[in-house]
Amino acid sequence: MIDIQNKPQVVVIGGGPAGATVSTLLAQQGVRVELFEREKFPRFHIGESLIPETYWVLKRLNMLPKLKDSQFIKKYSVQFVSDSGKQSAPFYFHDNKDHDCSQTWQVRRSEFDEMMLRNAEEHGVKTHEGVRVLDVLFDGERAIGIQIMDENGEKRDVHADVVVDASGQSSMLINKLKLRVPDPSLNKGSIWTYYKGAKRDPGRDEGATTVLQVENKQGWFWYIPLHDDIVSIGVVGDFDYLFKGRGSHEQVFAEELERCPAAKMRVEGAEQVTKIFATKDFTYKSKQAAGDGWVLIGDALGFLDPLYSSGVLLALKSGELAADAIVEGLKKGDTSRNQLAHWEREYMVGMERMRKLVCEYYDGFNFGRFVRRFPNHRGDITDLLIGDLFKDSLDEVFESIATMKSESEMMAE
Ligand code: FAD
């Protein structure tokens, strides 16, 4: 039941990692915040591999003790297998920073997202599960609240000073305000499933994410070891290549596995324990991160191809930046676009660095070869892979990638 007498200052649409982050950090700083989630948790979600820079936001959220106590598999590295089956040396996250944050986790999202939402409640967030947000209410250009459909099927308006859209790929405000900027070069799709008893590397590599290229580089498999001896394995490729004129998802998954012997070998003899899932992964972003009285975070602000497992990090990071901007704005009595969006530029530049690294991979970039040619950039590559994206010095990596490309073109002539 919504307490109309005690109107929230902020309403949040969606209880995924972005929504849980922004609302927890707001509540921690004394803001009255209510979160509306259409599902009842736990609910299934794809996106199981965290990257180490999540550490700092998880720390602010007081989530670290819970994660350390959990069954989630520890992840120390990422490794790449080329289409010829050659495996690069793992990129261990401690190369740069020998610290707690050089390790992260492989999480079942149903469990992780529920942990985040309950943690939000413990910090004073009022959550409403099974409540769908139907619309964002505007007075002219200013967002003034939301319309919800409550558990009893009744429509109700909830007013607030700030509306945060954390609705994931539903992207309520991107759609309503026509803010979508698609990225047609990254129109990908995924087909995935779960195995029990599949191969794991020994020791510290047990929890590594492995990225395995399919024959002719037409796609790649993720291989993510989870707890209870489960492995998440999925193929990503151009949407048309995977989904047009090729039969059922089951058939395509089996065919792609045949085209990636290194992935096939890992699941041989293991038991497939779920159905096959499929989704589109079209990269997009919003033209703007905020307006008068509204802010976008997580996938509701932009979605990036899943290659480097950056989605949850970006959800947490944008949630953190938005929370701090909102708190400052509420204190000053200023919830205009100017105030709410002051983090937008730096964030978008960081996200763009990750996008460029994704595009380089699809363009044939080989991590091992690059680090052999530019050993001075090994630390920068690790920084990008852990999600430490917000440093201008990283742009030099892309200059060196361009140099390496022109060198190989000259060699080929
Ligand atoms: P979500 O987690 O999608 O949460 C949004 C919430 O809003 C949902 O719970 C939804 O029910 C709710 N909602 C939506 N509409 C409404 C409404 N109208 N009213 C109320 N509630 C609503 N990321 C990683 O970090 N690592 C990975 O390995 C990874 N792999 C991926 C693989 C694939 C194939 C894909 C597609 C994505 C992957 N991602 C990965 C990305 C990651 O899943 C997302 O970036 C992340 O979930 C974003 O969090 P979010 O909170 O913004 O959105």
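Q: How do the axes of helix H1 and H9 cross, and within what distance do they come?
A: In this predicted model, the axes of H1 (residues 17-28) and H9 come within 8 Å and cross at roughly 30 degrees.

Q: What makes H1 roughly parallel to H9?
A: The crossing angle is roughly 30 degrees. Angles under 35 degrees count as roughly parallel. H1 is therefore roughly parallel to H9.

Q: Which residues make the contact between H1 and H9?
A: H1 contributes Pro-17, Ala-18, Thr-21, Val-22, Leu-25 and Leu-26. From H9 come residues including Val-312, Ala-315, Leu-316, Gly-319, Ala-322, Ala-323 and Ile-326. Contact here puts C-beta atoms within 7 Å.

Q: Is the crossing of H1 and H9 left-handed or right-handed?
A: H1 passes H9 in a right-handed crossing.

Q: Why is H9 called largely enclosed by the rest of the structure?
A: A residue is buried if 20 or more other C-beta atoms lie within 10 Å of its own. In H9, 17 of the 22 residues are buried, so the helix is largely enclosed.

Q: How does the reach of H9 compare with the expected span?
A: H9 covers residues 311-332, 22 residues in total. Its first and last C-alpha atoms are 32 Å apart, close to the 32 Å expected at 1.5 Å a residue.

Q: What follows H9?
A: Gly-333 follows H9. The phi of Gly-333 is positive, near 70 degrees.

Q: What is the strand order of the open sheet of six strands?
A: The order is S7-S2-S1-S11-S19-S18, with mixed pairing.

Q: What makes S7 and S18 edge strands in that sheet?
A: Strand S7 (126-129) and strand S18 (290-291) each have a single partner strand, so one side of each is left without a neighbour in the sheet.

Q: How do you know that S1 and S11 pair?
A: Pairing needs at least two bridges. Four bridges join S1 (residues 10-13) to S11 (residues 162-165), and these strands run parallel.

Q: Which strands stand at the edges of the open sheet of three strands?
A: The order is S8-S9-S10, with antiparallel pairing. S8 (132-139) and S10 (155-159) are the edge strands, since each pairs on one side only. Neighbouring strands of this sheet are turned by 30 degrees against each other on average, direction ignored.

Q: What makes S9 and S10 a pair?
A: The cut-off is at least two bridges. Five bridges join S9 (residues 142-149) to S10, and the two run antiparallel. Ile-146 stands opposite Val-158 in S10.

Terms used:
Residues numbered from 1 in each chain as written. Predicted model: local features only at pLDDT ≥ 70, side-chain atom pairs only at ≥ 80, totals over all residues. Expected span 1.5 Å × (residues − 1). Buried ≥ 20, exposed ≤ 12 C-beta atoms within 10 Å, placed from the backbone. Axes fitted to C-alpha atoms, helices over the stretch in contact; angles between N-to-C directions. Parallel < 35°, antiparallel > 145°, perpendicular 65-115°, else oblique. Left-handed = near helix turned anticlockwise from the far one by under 90°. Contact = placed C-beta atoms within 7 Å.
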